[in-house]
Amino acid sequence: MKRLSSSKRVVSNEVKGDIEWELRPGGMLVQKRNMADAASAPMIKIKVSHGSYHRDIAVPAQSTFGDLKRVLAQETGLEPKEQRLLFQGKEKDDEECLHMVGVKDMSKVVLLEDPASKERKLVEMNSNQSVLKACEEVAKVRSEVDKLSEKVIAVEANVRAGTKVAENEFLVLTELLMVRLLQLDTIEADGEAKDQRRVEVRRVQGLVDTLDHLKARNSNPFSSSCNAVPTSTKWEAFELSSTRITQDWEVFD
């Protein structure tokens, strides 16, 4: 069997007379689109429906469905890759020309959001809501820690002034801070909320360390060792039911 000569083969972007042709991926030989010609071609209006959204979109008559998607992206906020366009009940590829499939002035096209894109956005929305909720919970604990911090500052001022502070006051403040620590531990947090929780954990740890130092100084105000911040605190004796807080501390080690 003889091979077809190169002159008889169908070649992409072949020029026949004054008409330039191109071979589409599906094997169809069509007239090559010229972008300058497409821009100067007559405009047509297409009725696009997307749920409750209905609008007339004006595009050049020789546009492709990909061109239409780019126009719709500006109108709907949906990226071209997130769109599916249906004409006469069939989904159309980006490379297909409007006029080649019968789209005329005032033809109807249905726009659908790609299911995978829709699901991804739903997951992101739920994730954002979870982060927002966790941030609100951290903010509530932060508000309580602010109040306890003011009391610790007041105790520190008394101790540094040489005023004797009741031992029970150190105990109560420490226990209240431990409660706030456990509250932080129960917050399921990711992203920004996790960072905020870590900051509060570190802050509570610092306040408890300060109370330990002040308690030692209050018991023995003339001891020089009380001027140094202790390297071990009640964290060594405090067991948490969850490892999340411990992991947050280790980040700052």
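Me: Which residues does L211 touch, not counting residues up to four places away in sequence?

Reply: L211 touches V152, F170, L173, T174 and L177. Keep in mind that this is a predicted model. L211 itself is found in helix α5.

Me: Why is L211 called buried?

Reply: Its relative accessible area is 1%. Buried means under 20%. The value for L211 falls under that cut-off, so L211 is buried.

Me: How far apart are L211 and V152 in sequence, and how far apart in space?

Reply: In sequence they are 59 residues apart. In space, the C-alpha to C-alpha distance is 7.1 Å.

Me: What makes α4 and α5 roughly antiparallel?

Reply: Look at the crossing angle. Their axes cross at roughly 165° and come within 10 Å. Angles over 145 degrees count as roughly antiparallel. The two helices are therefore roughly antiparallel to each other. As for handedness, α4 passes α5 in a left-handed crossing.

Me: Which residues make the contact of α4 with α5?

Reply: From α4 they include F170, L173, T174 and L177. From α5 they include V204, L207, V208 and L211. By class, the contact has 12 nonpolar, 3 polar and 4 charged residues.

Me: What about α3 and α4: why are they called roughly antiparallel?

Reply: Their axes come within 11 Å and cross at roughly 155°. The cut-off is again 145 degrees, and the angle must be over it. The crossing angle of α3 and α4 passes that test, so α3 is roughly antiparallel to α4. This crossing is left-handed.

Me: Which residues of α3 and α4 meet?

Reply: On the α3 side, V141, V145, L148, V152 and V155 are among them. On the α4 side, the list includes F170, L173, L176 and L177. The residues of this contact divide into 11 nonpolar, 1 polar and 4 charged.

Me: Which elements give two or more residues to the largest nonpolar core, and which residues touch the most other members?

Reply: This core has 25 residues, and V155, F170, L177, I187 and V204 touch the most other members. The elements giving two or more residues are α3 (115–160), α4 (167–185) and α5 (191–219). Helix α3 gives the most, with 9 residues. A second, separate core has 17 residues, including Y53, A61, L85 and V109. There is a general pattern here: in soluble globular proteins, nonpolar side chains tend to be buried together.

Me: Why does Q88 count as exposed?

Reply: Its relative accessibility is 66%. Exposed means over 50%, so Q88 counts as exposed. Q88 lies in the loop between β6 (83–87) and β7 (90–91). Its phi is near 55°, a positive value in a residue other than glycine.

Me: How do you know that M106 is partly exposed?

Reply: M106 has 34% relative accessibility. Buried means under 20% and exposed over 50%, with partly exposed in between. The value for M106 falls in between, so M106 counts as partly exposed. M106 is found in the loop between β7 and β8 (107–113). Its phi is positive too, about 70°, although M106 is not a glycine.

Me: How many helices and strands are in the chain, and what share of its residues count as buried?

Reply: There are 6 helices and 8 strands. Of the 253 residues, 34% count as buried.

Technical notes
Residues are numbered from 1 along each chain as its sequence is written. This is a predicted model: local features need pLDDT of at least 70, side-chain atom pairs count only at pLDDT 80 or more; totals for chains, interfaces and linings use all residues. Side-chain values use heavy atoms; hydrogens and water are left out. A nonpolar core is a set of buried Ala, Val, Leu, Ile, Met, Phe, Trp, Tyr and Cys residues joined through side-chain atoms within 4.5 Å. Buried means under 20% relative accessible area, exposed over 50%, partly exposed in between (1.4 Å probe, protein chains only). Helices (H or I, at least four residues) and strands (E, at least two) are DSSP runs, numbered from the N terminus. Axes are lines fitted to C-alpha atoms, for helices over the stretch in contact, and angles run from 0 to 180 degrees between N-to-C directions. Angles under 35 degrees count as roughly parallel, over 145 as roughly antiparallel, 65 to 115 as roughly perpendicular and the rest as oblique. A crossing is left-handed if the near helix is turned anticlockwise from the far one by less than a right angle, and right-handed if clockwise. Contact means heavy atoms within 4.5 Å. Ala, Val, Leu, Ile, Met, Phe, Trp, Tyr, Cys and Pro count as nonpolar, Asp, Glu, Lys and Arg as charged, and the others, Gly among them, as polar.
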